[in-house]
Amino acid sequence: MPEKTEDHYPSHCERCGSALELWFPHEGASAHLVLDLERQAAGVRVACVKHRYFAVTCACGPKTIARPLTGAVSIIEGRKDQLRPSEASLVGPGLTTFIAALSVRYRMSRAKIAEFLSSWLDVRLSIGVIDRCIREAGLACEPIVDGLIDELRAAGVIHADETPRPQQGYKLRWLWVALSSTTAIYRINSRHAETIRDLIGDAFIGVLVSDGYGAYRTYPRRQRCVAHLIRKGIALIDGYQYERIWLGEWLVREMRALIHTVSENRASDTAAPPGSARYSPASSGPASSTRTPTQKRPGLWRAKSSMTGTPSPPLSTTQTYPQPTMMRKPHCAMRS
Ligand SMILES: [Zn+2]
């Protein structure tokens with residue numbers, strides 16, 4: 001049952017534009033109930049308000065009808081009923097925001113939210129109504145997301161990644177993330193390159209840090225993610241080819257030295273101007289080393305030998321090994 005009633009009248013005549021006064025003839029046109037949060041001295045409660053909309057007859061003749069306002073339509077491919085937020089909704093804006101916070105911030109399922117609202121606020125909502133509230137809150141936040149995208153594109157360095165996101169009833173989608181030092185934006189879409197281009201834009205002139213997926217490769221200033229480089233190096237070390245093990249060890253050593261140096265600089269020199277790189281490589285590259293992998297890692301080849309059945313450590317880079325074991329690990333390293 002409603003605890004109070006709010007009436008809504010049209011302010012001006014639709015035909016002549018003159019102001020409609022309270023004493024003009026009027027009649028009820030529509031009404032609906034709204035559940036919304038209400039602040040209390042200690043905490044919140046849910047109040048039920050009846051909203052009545054009236055039709056007013058102008059002196060010029062026709063009736064002008066007050067109607068609940070509606071928002072922009074959200075069109076999503078494959079959805080039967082497209083989402084259009086309206087004031088004529090059972091759940092008001094305060095309770096809608098609360099439900100969205102329970103879902104997004106506190107990671108509660110729709111069913112858990114329904115149970116929570118019933119147990120603690122004595123409000124019984126269906127899963128469908130709760131789902132609609134969450135989608136409406138997302139739609140209302142779109143202008144904020146547009147502002148965040150502008151902030152992201154103004155950053156000097158953007159990190160990006162994507163991961164599969166199965167969704168019941170839909171074909172496989174991908175969860176993308178693009179972040180700067182102050183902004184993180186998530187988007188669920190296909191794995192096409194257009195998704196990352198929509199987020200970052202074609203005019204981005206900073207550095208994009210990513211893995212090796214092809215969608216990122218159209219950006220000319222791209223830094224391969226250091227964690228991925230270290231992973232590649234470790235995979236190379238686990239392989240069975242002389243040059244690749246050598247390259248993998250050098251790569252891992254250099255990347256870890258880079259991380260260590262950057263970390264030390266951050267801790268010890270906060271006054272250094274931005275971009276003043278103080279990293280000096282631990283060695284100038286694979287060709288500068290004069291030691292062989294066997295000398296640097298005496299136990300490595302023995303371990304591989306016992307695992308693969310190779311009788312003795314390789315002393316020559318031209319020595320051949322069975323193709324399946326030799327190619328498997330390096331191939332994994334090249335993949336990501
Ligand atoms: Zn009129």
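1. Two strands are taken to pair if DSSP finds at least two bridges between them; helices (H or I, at least four residues) and strands (E, at least two) are DSSP runs, numbered from the N terminus. On that basis, strand β2 (residues 26-39) is joined to strand β3 (residues 44-57) by 13 bridges, and the two run antiparallel. Gly28 stands opposite Phe54 in β3. β2 and β3 form a hairpin with four residues between them, and Gly43 in the turn has a positive phi of about 95 degrees.

2. The model is predicted: local features need pLDDT of at least 70 and side-chain atom pairs count only at pLDDT 80 or more, while totals for chains, interfaces and linings use all residues. Residues are numbered from 1 along each chain as its sequence is written.

3. The chain holds 10 helices and nine strands. Of its 336 residues, 18% count as buried, a residue being buried if 20 or more other C-beta atoms, placed from the backbone, lie within 10 Å of its own, exposed if 12 or fewer, and partly exposed in between. Among contacts (C-beta atoms, placed from the backbone, within 7 Å) between residues at least 6 apart in sequence, 50% join residues at least 24 apart.

4. An open sheet of mixed pairing is formed by five strands in the order β7-β6-β5-β8-β9. Its edge strands, β7 (184-189) and β9 (222-224), each pair on one side only. From one strand to the next, the twist averages 25 degrees. Within this sheet, β5 (residues 157-165) and β6 (residues 173-179) run antiparallel and are joined by seven bridges; Glu162 stands opposite Trp176 in β6.

5. Helix α4 (residues 142-153) lies across β5, β6 and β7 and runs at about 115 degrees to β7. Axes here are lines fitted to C-alpha atoms, for helices over the stretch in contact, with angles from 0 to 180 degrees between N-to-C directions.

6. Helix α6 (residues 226-237) has 12 residues and reaches 16 Å from its first C-alpha to its last, close to the 16 Å expected at 1.5 Å a residue, the expected span being 1.5 Å times one less than the number of residues. Its buried residues are Lys232, Gly233, Ala235, Leu236 and Ile237.

7. α6 and helix α7 (residues 242-268) pack at an angle of about 150 degrees, with their axes 7 Å apart. α6 is therefore roughly antiparallel to α7 (angles under 35 degrees count as roughly parallel, over 145 as roughly antiparallel, 65 to 115 as roughly perpendicular and the rest as oblique). Residues making the contact include Leu229 and Ile230 of α6 and Leu251 and Met255 of α7.

Key. Contact = placed C-beta atoms within 7 Å.
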